Amino acid sequence: MMLLPMISKAVIPMISITRLGKAQEAKIKYYTELASIKYYNSEFEPQGIWHGQVANQFSLKDKPVEHDLLMQFASGFNKQNKALVGNAGEEHQIGFDLTFSAPKSVSVLFGLADKEVREQVQQCHLNAVKMALSYIEDNLIEVRAGTNEYGERLKIKTNNALFAIFEHGSSRSLDPQLHSHCILLNFSKLKPQEWRCLETKNLFKYQKAIGAMYRNELAHQLKSELNLDIEPDEEFFKLPLVPDDVCQKFSKRTEQINEELARLGFSSSTKLKELVALFTRSKKVHKSRSTLYTLWREQEKDLAFDIESINKANSNSKPKSIDYYFEEILDDLVYHHSVFEYKDVIEVVNKHAQWLGKGAKAANDYAERLIETDVLKELYHPKIGRCFTTSKQFELEKKFYKEAVEYSKLKAQPKSSSEKNQFLDNDGNNLIESEISSLGLNAEQALALKGICNSGDLSLLNGKPGTGKSFLMKALNNIYQKNEFKVVGCSTAGKAAQELEESSDIKSQTIDSLLYELEFERTEFNEKTLVVLDEAGMVGVRKLALLFKYIKAANAKVLLVGDYSQLPPIEAGNAFYRLLNEVKPFELNKIQRQKSEIDRANINKIDNGHIKEVFEDLDKRGLFNFNQDHIEAKFSMVNDWFETFKNKTTESLMLASKKADVQHLNVLAREKLKQNNIIKGIPVLFTNHNDEKLKLGIGERIMFRSNSKKLQVKNGTTATITALKKTRAGKATVSVRLDSGKEFEFNESDYDAVEYGYASTVHKSQGMTVNHAYVYLNQQFLNKELHYVQMSRSRLATKVYCAHSLLEKTQYIEELSLQANQNTQSREIYDANEVAME
């Protein structure tokens, strides 16, 4: 079954980039068979048009795209059917589908407006698309031009490309969804009579920046041409003219796995294939645009848009300059990473400029001026080249690291003769040796324990997953409590803090709640305090610097525990990673979690960047499940998961990087359990914190999504429902048994932060250990650290599942390996050198 790039109703308004694989007739037909000059009779989608400098050279600019000619170009031939590149023919890679999709409110305006307004919206969208494609052509189109003396590829910018633009007006569920598929053909002219295939690393690197430019330019066009007001909508923009509830009505989520599909899909493999063929058909069920316009207007009879109604609705507010968002832009630039590249400046400035409708040119000019100011420092990074940081971030990190390194060299001096022997008990026995013996620590753990106890006031423990970090911290807690120390544990998330407490007996909380208590003097440190920060690698430098301020003021001792190979901080400044280069850490490298030597070896291979070898090993062992369809892959994953889940519900975990994939897996898991009579009873509706109506049954697995002292649960705590009832007020009362064995009940009026608990995001899983892990790979959301975490959660072999409709398995393993080897750690100030200003 041939599945081409799909735009659903729930699509994010940005650019998606899809590799189209080898030249095949069916792939090209997806674009051309609904596109016709007869569009003007309202029976078809508009015919595609050619764009780009190569289109100019071939005298095709803005001319209609014909199927046969597009097929020739897709195969690597020119207009005269002569080869442009060496691999022309069936083996030639077509290129890429760059899909630009308008925000939902723009699409609804397009769908409900009269002909005059609708055509103006279409033109605004096309202008924004062309602007984005021209930026790509002028800045990102490269070809290979041999190698240098070190054998490295040489790439040359050519500033010419060929695009075929196809406008579509509806989603697969036939809701209004204005979007354009832009095929970037896989060749560019290096010099006269010499063409080369594209090098596209920068295209993917700039993907978010291009999406931000498209949205900004679209907002500018709509504001300029139709005088429309623009409002922020999280990262994007929306039109206040179009009510949110109307946008919601036109959002059916075509690709969303629903309960009916789940119910029927588990009945038989044959039935599943039939359903998937219907559900993700390779082309849309076509309805003429005239029919759709009528249908959409019928659904919203009281809402129609014409020039007069638009003019009445506009506020005519005073325009603001991009400087209005100056401080927000600077904060945004260093929110995730301490250093950022030129593409990030372009993205962030365009993101803020879209809310003002300033357009891409104004935003890009502003970005250039910002780079020249003294609020940014230019740096040179050995891996990413030219980059920047803010002067404020530079000074913050410089101060923190200087003070932290100095503090690591200090050792609190004993204040009395009894304190000189703080690691001896009343009988003169060595507490450290006693703990090593009683807990059975291995040689590596014992060495680390001794080092931490005898080190300075700031020490680091760097340990791979499953090496016994928690076991060691239990020994540390016992030793310091016997010496009348207050031991305080904290971590990034509630679930991680709970697991730290359960595994080490250290009273623990989130770092955010600890900082809150310190700020309002609800707790305090002193010289007899040991602070243990677990998952320290996930804490940004600003937060760690604040915690360190309280530690230093109290002369307390602090231990940072983490694994530099795992997930980096969400916030900027990877302090733990940086300190490992400045303060000698104590190391735990002997992996004990995985029972098989080959699985332990695979974790080390991922850490060392040999990810392709790991995928190939999993494939050889039957643990790599590849499918051409994402839905079939998820059904397969849930079926395999169920076989271990039914034996012990707490020891099987499904992981995915993307929230939508987690939601799909939860829907499928519930249906599988219902069909096997594990979820029982009449379902009770429970409205959760996201205003989602969950159907809960007895036997259901749920996850708590916020900390609650009253219930004594953390964000990420999981439980099984044992009873359900509705109050007279119509609210659900839920009785649960936590995985720890504790039982209680709660009412949705008092606590509603609940989600299904069968699948989890990878971020939520850090620190967890189960017997069986099933991982759904999404190439778009994959990097080395993420893969390292998801592949190291289980004691037994991890099974992975993935899908790609256009690539063969061997090709996709290559693609996944390249993506999974991307390392996000080394993007910090300390890796770079400040550029001397002339």
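Let's start in strand S29, which spans residues 732–738 and includes Ser 735. Keep in mind that this is a predicted model. Is Ser 735 buried or exposed? Its relative accessibility is 15%, and buried means under 20%, so Ser 735 counts as buried.

Which residues does Ser 735 touch, once neighbours within four places in sequence are set aside? The contacts are Thr 720, Ile 721, Thr 722, Ala 723, Phe 744 and Glu 745. Take Ile 721 as an example: 14 residues separate it from Ser 735 in sequence, yet their C-alpha atoms are 5.8 Å apart in space. With Glu 745, there is a polar contact between the two side chains, at 3.5 Å.

## Where two helices cross

Now look at helix H7 (residues 207–226) and helix H15 (residues 360–372), whose axes come within 8 Å. The axes cross at roughly 130°, and H7 and H15 are therefore oblique to each other.

Which residues meet here? H7 brings Met 213, Asn 216 and Glu 217, while H15 brings Ala 360, Lys 361, Ala 363 and Asn 364. Sorted by class, this contact has three nonpolar, two polar and two charged residues.

## Helix H16

Helix H16 covers residues 391–408, 18 residues in total. From its first C-alpha to its last, H16 reaches 26 Å, close to the 26 Å expected at 1.5 Å a residue.

Several residues of H16 are buried, including Gln 393, Phe 394, Glu 397, Phe 400, Tyr 401, Ala 404 and Ser 408. Here is a handy idea for reading such a list: an α-helix has 3.6 residues a turn, so residues three or four places apart point the same way.

Conventions. Residues numbered from 1 in each chain as written. Predicted model: local features only at pLDDT ≥ 70, side-chain atom pairs only at ≥ 80, totals over all residues. Heavy atoms only, no water. Axes fitted to C-alpha atoms, helices over the stretch in contact; angles between N-to-C directions. Helix = DSSP H or I, 4+ residues; strand = E, 2+ residues; numbered from the N terminus. Parallel < 35°, antiparallel > 145°, perpendicular 65-115°, else oblique. Contact = heavy atoms within 4.5 Å. Nonpolar A, V, L, I, M, F, W, Y, C, P; charged D, E, K, R; others polar. Expected span 1.5 Å × (residues − 1). Buried < 20%, exposed > 50% of the residue type's maximum accessible area, 1.4 Å probe, protein only. Polar contact = N/O pair within 3.5 Å; in protein donor to acceptor, adjacent residues only side chain to side chain.
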